[in-house]
Amino acid sequence: NAQLTIDRNITFSYAPPTENSDLLVMTDSSSVLFLNHGTFYSTTTGAHLTKGTLRIGRRSFISSDATVESEAIVFGDGSDSANDILVEILPDASIELTSGYLINKNVIG
């Protein structure tokens, strides 16, 4: 039941000191990452988003330094629907990949 809001003109930078793309942990769909005209950014470490909800409000952005798919921001794990991330786009909202790679490994949809 936690929510992290990345609001207007704010960038959340996922840049861990170690090459671990699984440090942002959501326990279930009640865990929400809310991009509300903000940016979710990752270094070449990449970021794996599973189990929670990615809520998109207004015009929001995803960006990374990835130059190959192994450095991508990844939704889900590709093997278990319980690890899918629910992507919820609110009315009049949009999401834009501005650089890098984004891979959808959600099993459902």
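Contact, as I use it here, means heavy atoms within 4.5 Å.

I'm working from a predicted model, where local features need pLDDT of at least 70, side-chain atom pairs count only at pLDDT 80 or more, and totals for chains, interfaces and linings use all residues. Residues are numbered from 1 along each chain as its sequence is written, and side-chain values use heavy atoms, with hydrogens and water left out.

**Glu88**

I looked up Glu88 and found it in strand E9 (residues 86–89); strands are DSSP runs of at least two E residues, numbered from the N terminus. Leaving out neighbours within four places in sequence, I get Thr53, Leu54, Arg55 and Ile56 as the contacts of Glu88. With Arg55, Glu88 also makes a side-chain polar contact of 2.4 Å (a pair of N or O atoms within 3.5 Å; within protein, one must be able to donate a hydrogen and the other to accept it, and residues adjacent in sequence count only if both atoms are side-chain atoms).

Buried or exposed, or in between? Glu88 is partly exposed, because its relative accessibility is 27% (buried is under 20% relative accessible area, exposed over 50%, partly exposed in between; 1.4 Å probe, protein chains only).

I also checked Ile103: its C-alpha is 17 Å from that of Glu88, at 15 residues' separation in sequence.

**Aromatics**

How many aromatic pairs does the structure hold? I find one (ring centres of Phe, Tyr or the six-membered ring of Trp within 6.5 Å; planes under 30 degrees apart are stacked, over 60 edge-to-face, the rest tilted). Phe12 and Phe40 are stacked, 5.7 Å centre to centre with 15° between the planes. Phe12 sits in strand E2 (residues 11–14) and Phe40 in strand E4 (residues 39–42), so the pair ties together parts 28 residues apart in sequence.

I noted Phe12 as partly exposed at 23% relative accessibility, whereas Phe40 is buried at 2%.

Key
Helix = DSSP H or I, 4+ residues; strand = E, 2+ residues; numbered from the N terminus.
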